Amino acid sequence: MSTPTSEDVQKSKKPSNSAFKQQRLKAWQPILTAGTVLPMFFGIGIAFIPIGIGLLISSNNVQEYVLDYTHCTNENGIECSKIIEEKQPNKCNCILNFTLTEPFKGDVFMYYGLSNFYQNHRRYVKSRDDSQLLGHMDTDIKDCIPFANIDNPNSTQTKIAPCGAIANSLFNDTLKLTYEQPDKSNVTVKLLRTEIAWPTDKEVKFKNPPNASYVFKYVYAHPVNWNISAWDLDPDNPDNSGFQNEDLIVWMRTAALPTFRKLYRRIEPDQALFKNQMPNGTYYLNVTYNYPVLQFEGTKKMILSTTSWLGGKNPFLGIAYIVVGCLCLVLGFVFLVIHIKFGKSTHEIVNITPRTQF
């Protein structure tokens with residue numbers, strides 16, 4: 001009788017004789033009975049409904065005001081959206097007034113909202129270069145095409161920084177807020193441009209190259225739809241310029257849905273009239289209208305909002321918990337009635353045989 005050679009042993013595909021590979025590990029397979037399933041349904045229902053009510057109350061405590069300014073008009077009564085669609089050289093400014101019926105308590109944030117803007121489109125999401133955004137300016141930016149280079153008159157090309165469709169479509173409306181005091185005098189609401197982006201984004205994902213001011217202004221071109229270089233996004237604060245500009249960082253974090261809002265400014269909490277609150281009364285929103293939305297049938301909104309421990313106003317999570325809890329309770333009662341009327345005991349189930357009469 002021949003013995004197996006080392007070559008035969010190496011070619012063998014038989015698993016090793018271990019408890020794991022031979023499936024001899026101990027296992028537990030629960031038997032689902034009315035005694036185990038019904039308490040689970042009732043327990044989930046009793047737990048989820050109070051949690052959902054708490055989440056809903058927390059969301060409803062968030063104060064929010066939404067102002068749609070898509071079709072605002074200038075001093076001549078002409079819609080700014082039509083002026084920029086015609087690409088007229090003059091900028092369009094419009095002023096809208098609104099009233100807060102009650103003061104907003106706590107920290108107040110200003111957002112801009114867009115609708116029908118699909119930032120989740122695959123080609124749009126890929127149109128960026130994360131290596132360039134980290135300050136590595138010599139990287140290959142082929143993912144940004146056709147927003148990678150600008151053609152020069154002498155048949156050469158200049159790289160764009162920041163490149164890509166996301167950066168090229170940066171939201172560039174300017175929003176300013178004024179408060180009308182009871183004595184009819186106006187006070188400018190101070191809006192802060194920093195601490196609006198995720199700290200991890202600014203510290204880890206976005207870095208300026210060495211000698212950033214010169215690089216952005218004279219070596220690289222700004223995106224096609226921009227009128228300024230990346231270094232001039234915040235001329236008053238060099239730490240908030242270039243790739244580390246927080247408006248840019250917020251915009252580069254693409255939204256999952258076509259209707260979204262992004263944080264635009266923080267209301268200065270230490271300003272005299274706005275210390276830890278935003279008083280009720282009349283406000284004026286001054287808009288420098290630059291961003292076109294009619295071409296994709298979109299809208300633009302300004303949102304003022306407070307926050308809770310859950311974030312902004314969003315009742316969905318609370319409603320979802322309440323609905324799931326109610327469904328579990330209803331199903332639990334239905335199964336309980338079925339079990340009482342038609343169910344069998346555990347002893348009867350165990351002793352069922354092929355000849356058992358049902």
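Residues 24 or more positions apart account for 76% of the contacts in the chain, counting contacts with a separation of 6 or more. Keep that in view during the tour, and note that the model is predicted.

**Stop 1: the whole chain**

Along its principal axes, the C-alpha trace spans about 90 × 75 × 40 Å.

The accessible surface of the chain comes to about 22,500 Å², and 57% of it belongs to carbon and sulfur atoms. Of the 358 residues, 37% count as buried.

Next, colour the charged side chains. There are 36 positive and 32 negative ones, and the centres of the two sets lie 12 Å apart.

**Stop 2**

Hide the surface and return to the cartoon. Strands of a sheet pair through backbone hydrogen bonds, either parallel or antiparallel. Select β1, β13, β4, β10 and β9: in that order they form an open sheet of five strands, with antiparallel pairing. Which strands stand at the edges? They are β1 (64-68) and β9 (191-192), each with a single partner strand, so one side of each is left without a neighbour in the sheet.

β1 and β13 pair in the antiparallel sense over five bridges.

Move on to β4, residues 109-114, which is joined to β13 by six bridges and runs antiparallel to it. Select Tyr111 here; its bridge partner in β13 is Ile303.

Two bridges join β9 to β10 (residues 260-267), and the two strands run antiparallel. Select Leu192 and look across to Arg266 in β10, which stands opposite.

**Stop 2: two cis peptide bonds**

Select Ile145 and Pro146, which are joined by a cis peptide bond with omega of about 10 degrees. Pro146 is found in the loop between α5 (130-133) and β5 (149-151).

Then select Ala161 and Pro162. A cis peptide bond joins this pair too, with omega of about -5 degrees. Where is Pro162 found? It is in the loop between β6 (157-159) and α6 (165-168).

**Stop 3: the loop between β7 and β8**

Select Lys184, whose place is in the loop between β7 (174-180) and β8 (186-188). Its phi is near 75 degrees, a positive value in a residue other than glycine. Is the residue Lys184 buried or exposed? The cut-off for exposed is over 50% relative accessible area, and Lys184 has a relative accessibility of 61%, so it counts as exposed.

Step back to Asp183, which is found in the loop between β7 and β8. Asp183 counts as exposed, at 54% relative accessibility. Asp183 and Ser115 are 68 residues apart in sequence and 38 Å apart in space.

**Stop 4**

Although Glu297 is not a glycine, its phi is positive, at about 55 degrees. Glu297 is exposed, with a relative accessible area of 67%.

**Stop 5: Val125 in helix α4**

The last stop is Val125, which lies in helix α4 (residues 122-126). At 33% relative accessibility, Val125 counts as partly exposed. Which residues does Val125 touch, not counting those up to four places away in sequence? Select Gln119, Asn120, Ile166 and Thr254 to show these contacts.

Val125 and Lys91 are 34 residues apart along the chain, and their C-alpha atoms are separated by 30 Å.

Note on methods. Residues numbered from 1 in each chain as written. Predicted model: local features only at pLDDT ≥ 70, side-chain atom pairs only at ≥ 80, totals over all residues. Heavy atoms only, no water. Pairing = 2+ DSSP bridges. Helix = DSSP H or I, 4+ residues; strand = E, 2+ residues; numbered from the N terminus. Buried < 20%, exposed > 50% of the residue type's maximum accessible area, 1.4 Å probe, protein only. Contact = heavy atoms within 4.5 Å. Areas by Shrake-Rupley, 256 points an atom, 1.4 Å probe, with all protein chains shown as cover. Lys, Arg positive; Asp, Glu negative; His and termini not counted. Charge placed at Lys NZ, Arg CZ, Asp CG, Glu CD.
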